[in-house]
Every structure is written in structure tokens, then in C-alpha cells.
Amino acid sequence: MANSKGRRRRFGAIRRLPSGRYQARYPGPDGVMRPAPITFETTADADDWLAEKQTEIRRGEWRDPEAGAVSFRAYADKWVEERELAPLTRDLYRYLLDKHLFAFTESDLDEITAPRVREWRADRLRTTNAKTMTAKAYRLLKAIMETAVDDELITRNPCRIKGAGKEKAAERRIATVAQVDALAEAVGMRWRLMVYLGAYGPMRPEELAGLRRRDVDLDNLRVRVRLAEPERMNGRRVQGDTKSEAGTRTVILPAFLRRELRWHLESYAEPGPDGLIFVGEKGAPFRRSTFGRKWRRAREIVGMPEGFRFYDLRHTGHTLSTRSGATLKDTMVRAGQSSEKAALIYQHSDDERQEEVAAGLDATVRKARAAARETQRDKGPDEPSGTNLARDE
């Protein structure tokens, strides 16, 4: 059959359908004849479409139209399995796929379009109060679809919403020294050291869970953070590396914690070098859910805002360290944080400087406690009952 210019067609074929419209077919690089996804009103339109396909093949830009007919959920599950992810990250991705990206479960990759992604995100933001999780889910979806582009299953990533993957964190709350002391009292004798190390370490919950006796140097007031033991969604703990390379560090504690640390080691820590520093009432590694109940109860007793998390104690420690004269680099080293900002490369914080930071923090807390006691004496209240290990030696 000749084309619209009167020359015999060398690529593809066109035939007229009973409806009067025209169908175009062409051979892919694999030799298989494939029909156009639409029919055409004229042979000229069909001929132009065939010319475009021929150009795509010559340039190596052709993609099998059936390549994207792959289940999104099956592809996403494989995507997760093929990556070396930390257990908690793997759990998070599974959770996001189940609870936030379920709208795409029954879809093929090539059915997930930019309008559908926009509609999904708008619906999540409108019907849920999960802005942070929606941002996390969007980032996961975008990463999966970007891999699908690399695998030549789709031609373009449908996730194109500017800023949709960014999480706008709320302003972190901080506690006063008096509030930290009150939380330590309210949470109970077994857990009070955890509150102090969370604030004045400042250590992450998963780092506290992984501490052993051999990590603690009581004489020199040093705690070696070597690993982390986060709790998975199934309740089981998994031992692994710290959050980043900077997380493996030695924390020099302020002197006022010496008595707290000694008393806890004598009273609650497991015996032996590998004994856990923090264990539950029944002698097993503490559970996040169990401690969470005690933390919420303590927060209510002290009158702290409902949104004040245990993790916010780290921000408290950051703030107090800065007030005591610590530089940004000092606080980063102390908290086990890393940054790629070039300016920080030229700052240094060694053990001697960390000792100065700990001493400054010690002085800051002691001064605040002394002021609180002076205020209490002026008011003349009765002396509270019970042991108060937070008092200075």
C-alpha cells in the first residue's frame, strides 16, 4: 500500500477498518507487530504516527508499550527486598505501602499518572491528619517509580509535585532543668537515669537500649555508644549500627550524673560486661510500649505538653550545651549527628573540648537547681519525701 505521498510504505502497515477509520501496525525491534493504541481518521495521520515510531526505534528511544503492565505492588515489594535496608526502614516502607500507598495496589506501573499522584496526595492531606507520613509515602513512591524509569518500564516519573516529599517539622520543644528533674522523679527509679541520659547525653532511645556495662566507664564518666537496638513493629529488638557513622561515639557526662549512674548500675543493670544497662521489671529488655506508658504518665504528672516526646530531651540537651558555651560542632559530636556542610569540616571537637562542654553543662544544671532550691526555701514548703538522687554531691 502506498503512503499519502504516493510512495510505497517501507515501515509498518495501514489498513482501513469497517468503521472507516484506519489502523496502523509496526514491527518492534523484537520483530513483533504491534498496533497503535488508537485508530486514525486518515491514512496521513496513521503514516505520521508510524514515522514517529520508526524514529524512536532508530534513536534507541522505543519502549515496549506492554513493559509498564507490571503490578505496582509486586514491583514495590521487589524494590524493597532488593535493597540493603535497616530493619526499621524496611518496616517503615512496608507500613507506608500498606497504609498510605494502598490506592495504587491494584494498578500497573503505567497506570500511575501524574494526575493520579496529585489526586492521591490531595486526598491523603484532606482526609487524614498525617502530613508527615504522606510526605514519607510520596518520597517512597517517587523512588520506586524512578527505578521503574531506570528499568525502562515507564518513560517518565509521574511524581512531579514540587516540595511534596519535604516534611515540615514542628518546632522542637525543650524542657527546663527543673522539668527534666521532675520527669526523672515521676518516671520511677528504674528509668530515671534513662531520662537524664536522654537529656544530658544526649542519647537516642535505641542507643540507650543497646548500652552494656562494658560501655560505661564510671570513674571517668564516659559512655561508649557502639550500637543501637531499635524495636521493630513486631516488638522484637534488632541489634545494628548507630544511625550514622557519627553516632558511634564516646559521651562524656556532666559530673552531677556520677551518683545517678553509680546507683543505677548497682540497682538495676544486668551483671557481667555484656549486661544491659536498662531492663524491665521482669529482667527482660525493656519494651517501647511499656516505657511509653510510664513516660506518658510522668508527662501528665509534671504537666508537660502532650506533644513533648522522650526524643525531645535531646533538643533540651542541645540547647543547654549551647548555653554552656558549646559550638555547633561540639553539640554535633556529643549527640552523634553528621553533616556535610563544608564549614563544619574546619571545626574541631576533641576529648578535651568535650570535657569542657560537660563541665559547662554541669555548672549550668547546678546553678539552675540551686536557684530552684533558693526559690523553694523562700516559699517555705514542706520538704518532699523520698530519695532525691538528683541532688548534687
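Me: Hi! Which residue stands opposite Met 33 in S3?

Reply: Pro 27 does. This is a predicted model, where local features need pLDDT of at least 70, side-chain atom pairs count only at pLDDT 80 or more, and totals for chains, interfaces and linings use all residues. Residues are numbered from 1 along each chain as its sequence is written, and side-chain values use heavy atoms, with hydrogens and water left out.

Me: Thanks. How many bridges link S2 and S3?

Reply: Three bridges, with S2 (residues 22-27) and S3 pairing in the antiparallel sense. Strands here are DSSP runs of E with at least two residues, helices are runs of H or I with at least four, and both are numbered from the N terminus. Two strands count as paired if DSSP finds at least two bridges between them.

Me: What order do the strands of that sheet come in?

Reply: The order is S1-S2-S3, in an open antiparallel sheet of three strands. Its edge strands are S1 (13-16) and S3 (33-35), each pairing on one side only. Neighbouring strands are turned by 25° against each other on average, direction ignored.

Me: And which strands does helix H1 lie across?

Reply: H1 (residues 43-59) lies across S1 and S2, running at about 20° to S2. Axes are lines fitted to C-alpha atoms, for helices over the stretch in contact, and angles run from 0 to 180 degrees between N-to-C directions.

Me: Lys 53 is in that helix. Is Lys 53 buried or exposed?

Reply: Lys 53 is buried, with a relative accessible area of 17%. Buried means under 20%, exposed over 50%, and partly exposed in between, using a 1.4 Å probe and protein chains only.

Me: What is Lys 53 in contact with, leaving aside neighbours within four places in sequence?

Reply: Lys 53 is in contact with Phe 11, Tyr 26 and Trp 62. Contact means heavy atoms within 4.5 Å.

Me: New topic: what about S4, S5 and S6?

Reply: They form an open, antiparallel sheet in the order S4-S5-S6. The edge strands are S4 (216-217) and S6 (249-252), each pairing on one side only. Two bridges join S4 to S5 (residues 222-225), and Val 216 has Val 223 in S5 as its bridge partner.

Me: Zooming out, how many helices and strands are in the chain?

Reply: There are 14 helices and six strands. Of the 393 residues, 40% are buried.
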